[in-house]
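Please read it alongside the sequence and the coordinates.

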Amino acid sequence: MKGNNITALLLFIFLLLVVIAPSNSFADPDPSGANTGTINDVPAATAGQPTVEEVGAVAGHNKISINIMWTLVAGFLVMFMQAGFAMVETGFTRAKNVAHTMGMNFLVYAIGMIGFWISGFAFMFGGVGAIGALGGTPGLNSMFSIELFGKTFELVGYSGFFLNNAVYDVGVFTLFLFQMVFMDTTATIPTGSMAERWKFTAFIIYGFFISMIVYPLFGNWVWGGGWLADLGVNFGLGHGHVDFAGSSVVHLVGGVAALAGAIVIGPRIGKYTRDGKVNAIPGHNIPMAMVGTFILAFGWFGFNAGSTLAGTDLRIGVVATNTMIASGAGALVATIFMLIKFKKPDPSMMANGLLAGLVAITAPCAFVNSWASFVIGAIAGVLVVAAVFFIDHKLHIDDPVGAVAVHGVNGAWGVLSLGLFADGSYGDGWNGVAGGVKGLFYGDGGQFAAQLIGTLTCIIFVFALMYGFFKIQHKLFGIRVNAEDEVEGLDTPEMGVLGYDYSSGPEQK
Amino acid sequence: MKKIEAIIRPHKLDEVQDALSEAGYPGLTVSEVRGYGRQKGHKEIYRGTEYNINFVPKLKIELICSDERAEAALEIIIKTSKTGEVGDGKIFVYNVADAIRIRTGESGESAL
């Protein structure tokens with residue numbers, strides 16, 4: 001009892017001190033927030049009376065702060081897409097391979113990151129120069145180029161290896177984080193098309209190859225100031241090859257690599273029988289795949305809207321909304337397609353449809369209006385379903401999750417659609433060309449030509465490199481697991497543990 | 001003694017169990033099984049390719065009772081698990097040689 005009285009007394013004194021006392025000695029609290037952040041918060045030689053220079057310094061610092069903050073948060077969203085990919089791919093494959101499929105999707109994050117840190121970033125952005133939105137990003141100023149037809153063809157950057165001290169800068173590090181998670185999206189696409197039969201050690205070597213060399217080279221040509229970006233300045237083709245957030249740089253590269261890999265590694269045992277019959281191999285966990293698809297769609301807001309690299313570029317409102325509309329159109333149209341053809345919607349195709357819309361709108365999201373976004377997404381919904389059927393039934397290429405149809409076919413459609421639908425309302429000065437980016441339907445056929453050249457270059461270059469890589473690797477070391485392991489399931493033979501273990505565990509002694 | 005083994009639709013379990021326990025049958029064993037009968041499963045389409053679902057999920061219930069109560073138990077199971085559609089399942093009846101309660105060692109019908 002006595003203890004309780006003392007507690008009550010202490011509480012009373014505490015309340016007195018905290019609630020009542022400060023009102024006499026400090027400024028009033030500001031629950032609405034309207035009075036927080038005033039001229040007194042501007043650092044000035046004379047408090048409360050900053051000079052124009054002092055105000056300007058704060059304004060400039062705030063602008064870059066908003067941009068860096070935005071780019072980082074968007075990058076964090078894109079990083080989480082790795083979880084989405086892991087769930088989509090694992091859900092669409094069989095229960096006996098879950099530890100293996102998850103394992104690839106997990107480790108590609110680490111492999112890609114380190115590969116990009118070693119050389120990928122330097123090859124891709126080593127010659128990009130200053131990125132004003134991130135405060136100037138000094139040090140990225142070495143580009144290898146050749147002279148052709150009297151023009152300069154910029155081919156690969158070479159500064160910033162290992163993020164060394166010459167680029168030890170907040171802007172460069174921010175750019176690295178954001179671009180690294182993009183590269184990882186590409187790197188994880190072939191784990192879907194080659195799932196359930198890829199030797200894990202072979203996959204690791206692949207991860208370094210694509211993150212250190214293939215992705216950065218094509219990326220340099222489009223985003224690093226390379227020759228495809230210069231098609232406008234050098235040859236008068238619109239603004240050069242324009243890809244806002246990576247329909248070609250990220251998705252088409254990944255989709256083409258996925259195609260090359262699926263061809264070299266061959267179909268899963270039992271997928272195509274000798275008499276030419278095509279067999280279905282249903283995924284084991286549709287809810288997992290659908291949740292993964294939602295995670296991807298969520299991360300995509302970072303992917304597309306973040307690609308301004310600037311929270312102060314208010315076009316992000318248009319970008320994010322276009323992204324949303326195209327994804328809905330893709331899912332809806334793919335579903336209707338399936339309903340008309342087979343009477344049932346097929347959740348795996350609904351998911352592929354949503355992703356197809358997202359992949360397609362990734363390049364044009366900043367340059368088109370909402371109806372064009374709807375059309376681009378809707379066509380993506382048709383393309384993805386038709387492509388899945390064609391690749392499976394006609395080409396007999398086994399792609400368990402539809403990676404080639406989603407990322408390859410719709411990556412190409414995305415960059416081409418920009419060349420058709422860009423309405424000229426955004427992109428003044430893009431790739432050094434004045435005026436907004438306009439597509440064929442708005443009077444600039446040159447822009448469409450640039451998109452076409454970029455698309456064909458990507459397909460030819462990436463396919464040649466990746467097909468050659470997989471072929472050589474297969475000859476030297478083998479990239480496919482042996483048939484007994486494949487039939488039994490890869491979890492124990494390749495990974496050493498079952499993904500799903502329904503026993504009560506090993507006996508403890 | 002008789003053992004009644006019935007393959008039924010999974011969603012019918014509650015109804016069957018309620019009716020059996022109301023009628024005073026003390027024990028029931030249930031297992032999740034998959035199988036097919038005369039229809040040999042059914043066809044579905046995944047990503048545009050037709051495939052056969054050979055083994056349809058079912059429940060197997062097992063019940064042991066005295067010979068004279070077996071007929072009534074069968075009636076209850078049939079009445080509660082029947083929908084009249086293909087796939088209602090089947091019932092098998094076996095003779096049981098003996099039953100033993102492990103805890104006490106009782107045997108025969110008193111062990112049920």
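The points below cover a helix, a threonine site, the cysteines and a set of paired strands.

This is a predicted model, in which local features need pLDDT of at least 70, side-chain atom pairs count only at pLDDT 80 or more, and totals for chains, interfaces and linings use all residues. Residues are numbered from 1 along each chain as its sequence is written, chains are lettered from A and ligands numbered from 1 in the order in which they are written, and side-chain values use heavy atoms, with hydrogens and water left out.

**Helix 14 of chain A**

- Helix 14 of chain A covers residues 403-421, 19 residues in total; helices are DSSP runs of H or I with at least four residues, numbered from the N terminus.
- From first C-alpha to last, helix 14 of chain A reaches 25 Å, close to the expected 27 Å, where the expected span is 1.5 Å times one less than the number of residues.
- A kink of about 30° in helix 14 of chain A is centred on A:N410; the bend at a residue is the angle between axes fitted to the seven residues ending there and the seven starting there.
- Of the 19 residues in helix 14 of chain A, 18 are buried (under 20% relative accessible area, with a 1.4 Å probe and protein chains only).

**Threonine 362 of chain A**

- A:T362 lies in helix 12 of chain A, residues 347-362.
- A:T362 counts as buried because its relative accessibility is 0%.
- The side chains of A:T362 and A:W300 make a polar contact at 2.8 Å (N or O atoms within 3.5 Å; within protein, one must be able to donate a hydrogen and the other to accept it, and residues adjacent in sequence count only if both atoms are side-chain atoms).
- Beyond four places in sequence, the residues in contact with A:T362 include A:F244, A:H251, A:F303 and A:N304 (heavy atoms within 4.5 Å).

**Cysteines**

- Over all chains, the structure holds 0 disulfides (pairs of cysteine sulfur atoms within 2.5 Å).
- A:C365 is in no disulfide, and the nearest cysteine sulfur, that of A:C458, is 17 Å away.
- A:C365 is buried at 0% relative accessibility, and A:C458 is buried with a relative accessible area of 0%.

**Strand 1 of chain B**

- Strand 1 (residues 2-8) and strand 5 (residues 56-65) of chain B pair in the antiparallel sense over 7 bridges; strands are DSSP runs of E with at least two residues, and two strands pair if DSSP finds at least two bridges between them.
- The bridge partner of B:I8 in strand 5 of chain B is B:L59.
- Strand 1 of chain B also runs antiparallel to strand 6 (residues 90-95) of chain B, joined by 6 bridges.
- In strand 6 of chain B, B:V93 stands opposite B:I4.

Technical notes
Buried means under 20% relative accessible area, exposed over 50%, partly exposed in between (1.4 Å probe, protein chains only).
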